[in-house]
Amino acid sequence: MTEAVVPAAATPPAKPGVVVRAARFWRSLSLSGRVGLALVAFWVATAVVGPLLAPYEVGAIVAPDVFEGFSAAHPLGSDYLGRDVLSRVLSGARYTVGLALAAAVLASTTGTALALFAAVSGRWIDEALSRVMDAFISIPSKVLALVMVAAFGSSIPLLLVIAAVTYVPGAYRIARSMAVNLNEMDYVQAARARGEGRFYLARAEILPNMIHPMLADFGLRFVFVVLLLSGLSFLGLGVQPPNADLGSLVRENTSGLGDGALAVLAPALAIATLTIGVNLLIDALPGRARRIQGEA
Amino acid sequence: MGDQVLVEGLRVTARDDQGRSVTIVKDVSFSVPKGEVLALIGESGSGKTTIALALMGYARAGCRIAGGTIQVGETDVLSLDADQLTTYRGATVAYVAQSAAAAFNPSKTIMDQVVEPATIHGLLTRKAAEAKAVELFHALALPDPEHIGRRYPHQVSGGQLQRLMAAMALITDPALVILDEPTTALDVTTQIEALRAFKKVVRDRGATAVYVSHDLAVVAQMADRIIVLKNGEMREAGATEQVLHAPKDVYTQTLMAAARPQVRGVAAPEPGGVLPPLLEVRDLTAGYGRPGADGLPRIPVLRDVDLRIERGATLGVIGESGSGKSTLARVVAGLLPAARGSVLLNGQVLPPTLAARTRDQLRRIQIVFQNADTALNPGHSVERILGRPLELYHGLKGEARDRRVAELLDLIRLPAALAGRRAGELSGGQKQRINLARALAAEPDLILCDEVTSALDTVVAAAILDLMAELRRELGVSFMFISHDISTVRAICDDIAVLYAGRKVETGNRAAFQSPPFHPYTDLLIASVPEMRRGWLEETPAREARSPIASASNSDQICGFLDRCPLRVAGVCDVTAPPRVRLAQGAEVLCHRSEADLAAARLGRSAGTA
């Protein structure tokens, strides 16, 4: 894809190429893949323009009562302080999609890159890296987060780093086990005997054959990061009030569940559709590769 | 009596990628009288295994038995429901699969697994079943039949495991036994023992069997009747004698022709007087594991191997699995550094590791792996696979590269349109050609071919061998042809080296390998290759398993073949290392016996069997 996008940006006539490719991509997806893609696109769009569409200020107490039901003034009701839930969800999506997605991408790419490096670099580097990762796994993530927040103060970049650091070792472990197996395949041996460098082996021979399992792993990890971030927010270490990510929107309104409050519904649905969408899309991707082969 | 198995109008369909229904077995009808062995032969994709599985009332995922009737004994197989099928399988029909190693559960003892079919179907009590199993172990000529059942699958050899699987199949005295390529994965020397055992139990017990194989010579030993299949259709059916010696169908004739190795020799180049040989291997010792105090690896695989390949010549390296032949290729290619000894290319010592070799040295030696399925990156296009070495070694880019890729495809007789395809979409033979073309792209001096035809069907393999002969003639490339198949090696190689347990036990040119005397191991290899005629198995004398000598395995100085050698001399062979002896025909053997002894042993045996 990137190969096509870069020339398209440079030379206008190539632009239809992107459209055609996008259309072909859409057609190649299965129904569930299309649903996933639509959901992901919806939430990414919300993250970008959501705050602009929000009818009220995020932190403003605008409703006359707490835990109000759905109404014309407040389509998704009001929360435990009487704030507009729709506005809060529209703003919260930015944190969840931006932060969680960024952290999951960071964790998966770092983990995969380190794993590839370990697999093609020989025993000592592999051992050293793997033991360091094992050490990271042994640190409870919440405690690590507490220490880091205590030391540096809560900020968005710090949350990103915490979430990424927490999930890199897991991604590394999975990627390494696959990379080590692939490294013994004959085609990698053949490339090695040809005199290819490590970078080429990792990039051209090993990575393409482990990318789909890693994407599936990424989908799972994304959900974990959403949970981690809302956990941190619950402890007061995450996104700072009055802002809130989707996870904390659920958390802060759970007290109303006993009274049948609807405030928790919208953010919960938002998380559900986002994570399901990401996973549906990713699951459809390996199928896509096969179908395009069939067309060729 | 009548027919034990009756199949009429069998049709099996499968769904392809687009979800269309494809018929993979078309209107197949045959019958097997009680006590007879029917062979189904054909290349991969001919539907032979699909038919065999259909006899068990089973179709693989995505396949469906679409029509016809199958009658085994009294049972109409296709009318059975799931519960009845469970009873039918194992009790009425039994299956011996190609890979016994994969079919046995590694965490249960052999006896537990062999008696299982009888006990779960409630046919025999555990005690009776065990007694019967031991009886079968005797019949199958397994070592220590009384106690072998107590072992676990990893504690017996592959050939023994295959025979144990036959015991498992026969314990219920099934109406039909299906043997699906049961010896294909075995070495020739092991295969002959397994075949002998199968034949004996099938005959003694009057079992009715369907034998699935692609190997005509093996089938000739086992079958009463043969059905030749191609693309799911029956091409020829008849008695073994008739199909083997007077095949009517064109396809059967092709199959027969491909099975007989033709001499594809190219005039062997004269050893260049002044020039050093292209490749020379001196006193090579290599293996795996950390080197010990003596500088040798913990698990030595190759010991003191000397070889040379002249420019434009083909050296065949043969031996059974574990003999170190693949390791030799890996050492020469630089994938595995040698512990001792050296590899010389054009008279210059090659550095042992890949990293230390120059790009030009790497280019000159190319390795072609055995399994083209795993040797080509399934995600890469043919263009990319062939283009990469062109870029790397010759700096070709863009149009020049594309043109060369097209030339290479032409050279290996594949259409240029294939360039855009991914490796995963090609057939086995096409993959092996691409595999070879990738090596050719480097324009090497030497190509190391590691069992390149072993995973292919006979017809496809013959085409690959033809291609190699052509490339030798046209490009003057040298080959190191590694194989376990001595008949192929004898047909295409100028010089031959025989490896046993990591030592070179015999070397010589092709002429020297055509007639005795041979090293006893070479002799065993040659005698174990099935001939395409009935009765060969009976005529070939059984090699009684001689008891291993306890002291022998400890010392790595004395002859490694000692335990299996029919010619060993007590007090000599188990005490001192064998000398390298040059025979009159030019071969060099590693043996204590004199040339006359070696020749006499061979003659004595042929006389005994005539």
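In strand β7 of chain B, Leu179(B) is the bridge partner of Val96(B). The model is predicted. The pair belongs to β6(B) and β7 (residues 176-180) of chain B, which run parallel and are joined by four bridges. Strands of a sheet pair through backbone hydrogen bonds, either parallel or antiparallel.

Six strands of chain B form an open sheet in the order β6-β7-β8-β3-β9-β10. Its pairing is mixed. The edges are β6 (93-96) and β10 (233-239) of chain B, each of which pairs on one side only. On average, neighbouring strands of this sheet are turned by 15 degrees against each other, direction ignored. Helix α10 (residues 250-259) of chain B packs on the sheet. There, α10 touches β9 (225-230) and β10 of chain B. The direction of α10 makes about 100 degrees with that of β9(B).

The domain assignment divides chain B into domain 1 (3-259), domain 2 (279-503) and domain 3 (520-609). The centres of domain 1 and domain 3 of chain B, taken over C-alpha atoms, are separated by 34 Å. Their contact takes 16 residues from domain 1 and 14 residues from domain 3. On the domain 1 side, the elements that give two or more residues are α7 (188-205), α8 (216-222) and α9 (240-245) of chain B. Helix α7(B) supplies the largest share of that side, six residues. By class, the domain 1 side holds ten nonpolar, three polar and three charged residues.

A further parallel pair in chain B is formed by β16 (residues 365-368) and β17 (residues 446-450), joined by four bridges. Gln366(B) has Ile447(B) in β17(B) as its bridge partner. Strand β16(B) is covered on both faces. Ile365(B) and Ile367(B) lie on one side, Gln366(B) and Val368(B) on the other, and all are buried.

Helix packing in chain B is illustrated by α14 (residues 382-394) and α15 (residues 398-411). Their axes are 9 Å apart, and the helices pack at an angle of about 115 degrees. The crossing of α14(B) and α15(B) is right-handed. From α14(B), Glu383(B), Leu386(B), Gly387(B), Leu390(B) and Glu391(B) take part. They meet Arg401(B), Arg404(B), Val405(B) and Leu408(B) in α15(B). This contact has four nonpolar, one polar and four charged residues.

Chain A provides another helix pair, α4 (residues 85-120) and α5 (residues 123-137). The axes of these helices come within 7 Å and cross at roughly 145 degrees. Here α4(A) passes α5(A) in a left-handed crossing. Leu114(A), Ala118(A) and Ala119(A) in α4(A) meet Ile125(A), Asp126(A), Leu129(A) and Ser130(A) in α5(A). The residues of this contact divide into five nonpolar, one polar and one charged.

The two chains also touch. Their contact takes 15 residues from chain A and 21 residues from chain B. On the chain A side, two or more residues come from each of α8 (186-194), α9 (198-234) and α11 (265-295) of chain A. Helix α8(A) gives the most to this side, with seven residues. The chain A side comprises six nonpolar, five polar and four charged residues.

How values were computed. Residues are numbered from 1 along each chain as its sequence is written. Chains are lettered from A and ligands numbered from 1 in the order in which they are written. This is a predicted model: local features need pLDDT of at least 70, side-chain atom pairs count only at pLDDT 80 or more; totals for chains, interfaces and linings use all residues. Two residues are in contact if their C-beta atoms, placed from the backbone, lie within 7 Å. Ala, Val, Leu, Ile, Met, Phe, Trp, Tyr, Cys and Pro count as nonpolar, Asp, Glu, Lys and Arg as charged, and the others, Gly among them, as polar. Axes are lines fitted to C-alpha atoms, for helices over the stretch in contact, and angles run from 0 to 180 degrees between N-to-C directions. A crossing is left-handed if the near helix is turned anticlockwise from the far one by less than a right angle, and right-handed if clockwise. A residue is buried if 20 or more other C-beta atoms lie within 10 Å of its own, exposed if 12 or fewer, and partly exposed in between; C-beta atoms are placed from the backbone. Two strands pair if DSSP finds at least two bridges between them. Domain bounds come from an automatic or database domain assignment.
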